[in-house]
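Q: I'm new to this one. Can you put it up and walk me through it?

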2 protein chains.
Amino acid sequence: MTSRVPAKVPHVVIVGGGFAGLTAARALRRAPVRVTVVDRRNHHLFQPLLYQVATAALNPGDIAYPIRAVLRHQANTRTILARVDGIDLAQRVVHLADGELSYDYLLLATGASHSYFGNDAWANWAPGLKTIEDALEIRRRVLSAFEAAERQPDPEQLRASLTFVVVGAGPTGVELAGALMEIGRLTVAKDFRSFDPRTLRVVLVEAADRVLPPYHATLSAKAKAQLEHLGVEVRLGARVTRIDATGVWLGEEHVFARTVLWAAGVAGSPLGRALGVPLDRAGRVSVQPDLSVPGHPNVFVVGDLMSVVQDGKPVPGVAPAAIQSGRAAARNIAALAAGRPTRPFRYFDKGSLATIGRAKAVGQVGRLRFSGYFAWLVWWVIHIAYLIGFRNRLVVMIGWAWNYLSFGRGARLITGRGWDPAAGDEPAARTPRP
Amino acid sequence: MTSRVPAKVPHVVIVGGGFAGLTAARALRRAPVRVTVVDRRNHHLFQPLLYQVATAALNPGDIAYPIRAVLRHQANTRTILARVDGIDLAQRVVHLADGELSYDYLLLATGASHSYFGNDAWANWAPGLKTIEDALEIRRRVLSAFEAAERQPDPEQLRASLTFVVVGAGPTGVELAGALMEIGRLTVAKDFRSFDPRTLRVVLVEAADRVLPPYHATLSAKAKAQLEHLGVEVRLGARVTRIDATGVWLGEEHVFARTVLWAAGVAGSPLGRALGVPLDRAGRVSVQPDLSVPGHPNVFVVGDLMSVVQDGKPVPGVAPAAIQSGRAAARNIAALAAGRPTRPFRYFDKGSLATIGRAKAVGQVGRLRFSGYFAWLVWWVIHIAYLIGFRNRLVVMIGWAWNYLSFGRGARLITGRGWDPAAGDEPAARTPRP
């Protein structure tokens, strides 16, 4: 493999091409190191907008971009599409499914996924939302539920087809619930003949006593009011005890639903465990103040996979924290390579924003709190601005403007497994098992 | 199921939501009939641009649109997402996978797919291009081949990774070969570090003695010259005798290739056979001059599934023929419903256009023949104009303009099965079996 930098300079291996990994790679572009970015997928994903693919507002290509195209002009960096199977900290080697990479510095940024709290079988009935494939699967299920409703003569089954349960009222759950209500009431309903869109039911289940738990209590209350104004049933302090083909159990109560989506819990990527270092309860790596791994000053963990407590509060698993930690770890690697000491990471909270639907959102920046149309506008501007490096910025903007003006959702395709009732495509068609 | 038209009016069942089926449905919007459109998929596909999804220039949502959204405002029509398993002409019943539909008039528009000439196992190594899923699978294979090349130390395997064989030099094959050459030379190559994009090899194999066989001989020659100018190897009078993990055999000659695409042959949809009426060699239904099935004046076959000879030449399987036949059959159904006689179908050849690459195309309209930049411009304008009913028209236009200006391809995502060498994702990595 040709390399434009002499092989003697330190080799930095970055595993993961999300916000944290890509920011770190870009921060090292002028450092006297050679960088290898490894990812299982060829694309970086703008995860904050993934729910828009799941709800048919955007195309996958609008929010994903090839990693090697992002790093195209960075001469000291190469990109490898490969699966990482293990890490040998003693030998300083990353084991790939089809080879290995030795490193001088390692930066692990493989993120987190949802946790089913030990009930992994629930994933079958209640998919989470982390990848493009997840989003397309959710889109397929949601659109297929309306198709099933159109042809359902049995009233109870019809109600199940038109009931959507979202588990978890963090930002993703709130966004999904709002978008589902809008898709059903405003967009898709016009296309169907045999059911009343007003019978659509979206149930948002949250174990805590409020939606958006990390937000200020007044915003949680505002978000709940906005959701309820849209028609979403918000169930607080409710624990899911069982999920199967017929829907969800909340203790003794059974919600008969064809479509259940999972937006709760956090589980660090399995590669965190492979390090053999202390993890927190969610399987994230407890790092040193400089983001390195205890006992391994040349190994850094950043983004959603890191566990950091600052001022008594955990640093949240959000895109700004991923970007800031990626940049901080890259600077520390550059410092070590130059024989200088590392510096502790300091998370700067730029504020939080969650959108609930058409012209509805809540946000907080420092002590400032806002909601409604203005918050939605701020959300919109920030997300457009952060699509930096995406050639599709203009297309996304036009798509959104169009959706807003027309109440339409252009990406309403059922692809993948398609529609095959013979293959058990109608989970809600079975009888409840108590 | 509610119906806004009294149930006594004749019931027209249209199977297939492609150009022919949708045109027929729209042509019946004011006829005193009720119409049911049945399709296995929820979307109409603008098939002439499908190769652009396969070569990462467009997103699936740019060229597909929900059938029921197209027919939203048509009060006498409903849309059903269902798989048709059989047709009982005597009982006038369409058997669905999960139910049945009785009809007074039946219009069959289920199209055609590729024919592997009895070698269906080749489909595994050489996918065809008929559905969104086909296009995404081809995109996955093409982009994965470049990724494999980036990490391939063995020179022979590297050559195989960078060799693309397209079988069949009809419009689809020509478009694919041209786009592959451009994607490799202009777009993707800039992102990779370890191979020379000039070593990319695209081989276009055609059994006939010229490319674009239905076109005038001078245009075939022009198209061949344009392809060769791009760098495509055009192999005429060449027959594929075997395809496997190592590539393609043309008689004794073995072309060692990781990626083989199939764009040859025509096979009528299996539902044609289910009718139990005479078929042509390609499995298409030989219809009467009014497009009805012999012996069943209330059953019509249109689009790519029909076999019609006019002025001694077969009517080609192209979008304009599908649109015209769909409209003609719908008029004949309306005539029969009103007690009037049917009229024979007359295909009006509006001309043909095939694009070869960036600013390269050939076209003929009547006796007029043109090629090069002007032909490409005409192709572009016509395809934009025909995206009627697609909300994404503007997005497609911007996407294309952007591609043209930037030489970029924004939809370069490897999705679906993803990258998994352990799952045998590297067919060219095996040794040739002679």
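What follows is a short chat about this structure.

Q: What kind of model is this?
A: It is a predicted model.

Q: How many helices and strands are there in chain A?
A: Chain A has 12 helices and 27 strands.

Q: And how many of the residues of chain A count as buried?
A: Chain A has 434 residues, and 58% of them count as buried.

Q: What about contacts in chain A between residues at least 6 apart in sequence?
A: Of those contacts, 65% join residues at least 24 apart.

Q: Switching to chain B. Which way do the residues of strand β9 point?
A: Strand β9 of chain B covers residues 105–108. Tyr105(B) and Leu107(B) point one way, while Leu106(B) and Leu108(B) point the other way.

Q: Are those buried or exposed?
A: All of them are buried.

Q: Which strands pair with β9(B)?
A: One of them is strand β1 of chain B, residues 11–15, which pairs with β9(B) in the parallel sense over 4 bridges. Strand β21 of chain B, residues 296–301, also pairs with β9(B) in the parallel sense, over 3 bridges.

Q: Which residue stands opposite Tyr105(B)?
A: That is Val12(B).

Q: And what is the bridge partner of Leu106(B) in β21(B)?
A: Val299(B) is the partner there.

Q: Where does Arg92(B) lie?
A: Arg92(B) is in the loop between β6 (84–88) and β7 (93–96) of chain B. With a relative accessible area of 38%, Arg92(B) is partly exposed.

Q: What about Leu291(B), what is its phi?
A: The phi of Leu291(B) is near 80°, again a positive value in a residue other than glycine. Leu291(B) sits in the loop between β19 (285–286) and β20 (292–293) of chain B.

Q: Is Leu291(B) buried or exposed?
A: Leu291(B) has a relative accessible area of 0%, so it is buried.

Q: Now Arg68(A). Where does that lie?
A: Arg68(A) is in helix α4 of chain A, residues 67–70. Its relative accessibility is 5%, so Arg68(A) counts as buried.

Q: What does Arg68(A) touch?
A: Leaving out residues up to four places away in sequence, Arg68(A) touches Thr79(A), Glu147(B), Glu150(B), Asp191(B) and Phe192(B). The side chain of Arg68(A) reaches the backbone oxygen of Asp191(B) at 3.4 Å.

Q: On to aromatics. How many aromatic pairs are there over all chains?
A: A search of the whole structure finds 20. One of them is Phe19(B) with Phe46(B), an edge-to-face pair at 5.6 Å centre to centre with 80° between the planes.

Q: Why does that pair tie together parts that are apart in sequence?
A: Phe19(B) lies in helix α1 (residues 19–27) of chain B and Phe46(B) in the loop between β3 (43–45) and α2 (50–54) of chain B, so the pair ties together parts 27 residues apart in sequence. Both Phe19(B) and Phe46(B) are buried.

Q: Which residues form an aromatic cluster in chain A?
A: Tyr116(A), Phe117(A), Trp122(A) and Trp262(A) form one cluster.

Q: Last one: what lies over the face of Trp249(A)?
A: Arg242(A) does, at 5.4 Å from the ring centre. In chain B, Arg242(B) lies over the face of Trp249(B), at 5.5 Å from the ring centre.

Methods: Residues numbered from 1 in each chain as written. Chains lettered and ligands numbered in written order. Predicted model: local features only at pLDDT ≥ 70, side-chain atom pairs only at ≥ 80, totals over all residues. Heavy atoms only, no water. Buried < 20%, exposed > 50% of the residue type's maximum accessible area, 1.4 Å probe, protein only. Helix = DSSP H or I, 4+ residues; strand = E, 2+ residues; numbered from the N terminus. Pairing = 2+ DSSP bridges. Polar contact = N/O pair within 3.5 Å; in protein donor to acceptor, adjacent residues only side chain to side chain. Contact = heavy atoms within 4.5 Å. Phe/Tyr/Trp six-rings, centres within 6.5 Å; stacked < 30°, edge-to-face > 60°. Lys NZ or Arg CZ within 6 Å of the ring centre and 35° of its normal.
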